[in-house]
Amino acid sequence: MAERSTAAVDVADNSGDEPLAAQAAQATSDGVDTQNGRAADGPMPDKDGERTNPAPAAAPELHSGHKLARRYRLEECVTRVDGFSSWRAMDEKLRRAVGVHLMPADHARARSVLAAARSSALLGDPRFVQVLDAVEENDLVYVVHEWLPDATEFTALLTAGPLEAHEAYQLVSQVSQAMAAAHREGLAHLRLTPSAILRTSTGQYRIRGLAVNAALRGITSETPQRADTEAIGALLYAALTQRWPYESDAYGLTGLPKGVGLIAPDQVRAGVHRGLGELAMRALANDGATASRQEPACTTPDELAKAVAAMPRIRPPEPAFTAPPEYQHTTYQQGSYGRPTPPGVNTVQSRPVAPPPPPLQSRTGRALKWGVAALLIAALGLGSWQLADRLLGRASQMGNNGTSNTKTDSDDRPKDPEPGTPLALSKATVIAIGGDAVKGEDAGKSIDTNADTGWVTPQYLGYPNFGNLPGRKDGSGIIVDIGSVKNVTGIDVDFHVAGQEVQVLAAPEAASHPDSLSDFSQQLTKKAVVQKQLGTTLEAPVRTRYVLIYVTELPSDGEGGYRGGIDEIKVRGTDS
């Protein structure tokens with residue numbers, strides 16, 4: 001059973017043959033913009049990106065109804081340009097819409113596209129549109145990716161006007177954090193345009209085209225972090241002003257006046273949030289600080305994400321209150337009853353008001369009132385009698401025993417164990433069941449106190465026990481080294497997803513460098529399916545140096561496979 005991972009794909013149909021003025025920036029539902037020239041690639045300085053333009057191979061001549069791998073049925077061609085084509089297709093196995101990008105296997109960029117798709121697939125970050133397949137077969141190379149019909153492109157959002165300050169804050173915060181995580185894994189976007197940003201119905205921003213889009217277009221950069229940071233600054237600038245921060249028009253936005261350079265957002269449009277405007281200038285400016293506060297420019301997505309986090313939080317706007325319709329008063333309620341009506345003013349014909357029903361004055365009514373009163377008195381008396389009886393019984397019991405029946409610290413009940421304090425963790429390794437360690441290089445991320453990173457398994461198809469692969473089907477997990485033998489009183493684990501089958505074990509006190517399941521003979525928790533967080537306090541402290549969080553089954557990832565992982569591990573205890 002093979003492993004398969006996911007990543008993002010966004011493709012632009014830039015031919016690079018026509019001048020910029022020949023076309024206006026557009027975007028399709030598949031994220032393929034038809035803007036040519038430097039504006040489509042983003043009018044960044046030439047030193048930030050270089051695009052190669054080899055002679056394009058002929059695009060595959062396919063038609064609607066054609067099937068790939070007897071599974072993906074092509075339905076609608078979104079674009080066909082520069083030797084590749086983009087389609088909306090149907091995954092007939094999982095009955096869901098997908099996007100497909102096709103190119104001949106002999107295309108000059110085919111190898112780089114496959115390499116980019118496979119490398120970005122290892123990231124597995126839900127903030128990026130996911131790659132579902134990347135295959136070469138029958139003289140074709142194709143990449144299958146998610147299709148998000150309910151998401152809205154950023155270009156469509158901008159057509160309605162500038163974004164409100166809170167929405168712009170969410171945009172730059174989510175996009176900068178996602179790109180910072182990608183660059184930590186060595187992945188760059190290089191085509192972070194408005195058509196590459198999607199907003200879901202829940203308000204989450206998702207990015208498509210990580211690594212793959214640049215490979216399809218032959219774009220490279222000597223300073224990828226600087227290029228992506230400036231692209232995020234351009235997105236924020238457009239969100240605040242509805243203008244593209246360069247002289248050329250692009251993506252349906254008007255550029256800045258020619259010859260004046262970069263203008264601060266609050267000089268382009270009144271009412272721009274000052275902090276967000278300065279942040280956009282810091283991301284866009286290449287040579288130093290903004291004029292207003294002389295703060296250094298942000299040159300990496302991580303620096304930009306930290307600058308966003310340092311800003312005061314921008315709260316969402318208060319919901320608009322709609323006043324109810326005014327009540328139509330009668331002439332009596334308006335105070336005009338009995339007054340002469342001025343000439344020419346229509347009066348409201350008052351209807352005779354029916355008198356209220358008479359009170360219960362009949363014999364039946366009086367009996368009903370007395371009956372209700374008697375029931376209330378009886379209920380009150382019964383409640384008082386029960387309360388008095390209970391109090392008297394408790395007082396009698398205290399008099400007979402000479403003490404209250406409230407339990408004190410002298411009870412025979414065992415006291416709650418001390419919860420302990422978090423212990424310093426010196427090392428984390430992946431246990432090699434059958435000699436095969438799963439993502440061993442990421443073990444340290446499970447103890448780095450950063451909830452955004454962790455040890456995440458690849459995607460396994462067919463079987464929840466790590467794909468039933470030899471050397472992995474018995475499970476995997478993280479061995480935590482506390483540094484020395486200590487009293488462990490509890491453990492807290494944040495898992496990557498809920499639904500994993502997990503057991504927590506500990507090595508004996510005399511163990512030295514345990515590396516197999518049989519070396520962990522002390523059971524801290526029973527094997528069970530856990531939620532996303534596991535917290536337990538032991539009934540009695542366990543003396544050990546090594547703790548194993550052992551995962552035996554993975555949950556479904558909703559994409560036809562199984563995936564799990566551990567984000568953070570904390571061990572509680574005492575030194576003695």
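This passage walks through a predicted protein model, from the whole chain down to single residues. Residues are numbered from 1 along each chain as its sequence is written, side-chain values use heavy atoms, and hydrogens and water are left out. As the model is predicted, local features need pLDDT of at least 70 and side-chain atom pairs count only at pLDDT 80 or more, while totals for chains, interfaces and linings use all residues.

Let's start with the chain as a whole. The protein chain holds 10 helices and 24 strands; these are DSSP runs numbered from the N terminus, with helices being H or I over at least four residues and strands being E over at least two. Of its 576 residues, 45% count as buried (buried means under 20% relative accessible area, exposed over 50%, and partly exposed in between, with a 1.4 Å probe and protein chains only). Contact here means heavy atoms within 4.5 Å. Among contacts between residues at least 6 apart in sequence, 70% join residues at least 24 apart.

Next come the sheets. Strands of a sheet pair through backbone hydrogen bonds, either parallel or antiparallel. Two strands pair if DSSP finds at least two bridges between them.

On one side, β5 (residues 96–104) and β7 (residues 140–146) pair in the antiparallel sense over seven bridges. Here H101 stands opposite V143, and G99 has H145 as its bridge partner. Strand β6 also runs antiparallel to β7, joined by six bridges, and E136 stands opposite V141. The hairpin of β6 and β7 has two residues between the strands, and N138 takes a positive phi near 50° there.

There is also an open sheet of three strands, in the order β8-β9-β10 and with antiparallel pairing. Its edge strands are β8 (152–153) and β10 (205–207), each pairing on one side only. Strand β9 (residues 197–199) meets β10 over three antiparallel bridges, with R199 opposite Y205. Helix α4 packs on this sheet, touching β9 and β10, and its direction makes about 35° with that of β10.

Helix α4 has a helical partner too. Two packed helices are described by the angle between their axes and the distance between the axes. For α4 (residues 165–184) and α9 (residues 301–310), the angle is about 145° and the axes are 8 Å apart. Their crossing is left-handed, meaning that the near helix is turned anticlockwise from the far one by less than a right angle (right-handed if clockwise). On the α4 side, the residues involved include Y169, V172 and M179, which meet P301, D302, L304, A305 and V308 in α9 together with the rest of the α4 group. The residues of this contact divide into eight nonpolar, four polar and two charged (Ala, Val, Leu, Ile, Met, Phe, Trp, Tyr, Cys and Pro count as nonpolar, Asp, Glu, Lys and Arg as charged, and the others, Gly among them, as polar).

A few loop residues stand out. A507 lies in the loop between β19 (501–506) and β20 (522–523), and is buried because its relative accessible area is 0%. Leaving aside neighbours within four places in sequence, A507 is in contact with several residues, among them P514, F520 and Y546. The C-alpha atoms of A507 and V547 are separated by 6.5 Å, though the two residues are 40 apart along the chain.

Most residues other than glycine have a negative phi. Y251, not a glycine, has a positive phi of about 55°; this residue sits in the loop between β12 (243–244) and β13 (254–255). T449 likewise has a positive phi, near 60°, in the loop between β15 (427–430) and β16 (455–456). Y251 counts as buried at 5% relative accessibility, whereas T449 counts as exposed at 70%.

Note on methods:
Axes are lines fitted to C-alpha atoms, for helices over the stretch in contact, and angles run from 0 to 180 degrees between N-to-C directions.
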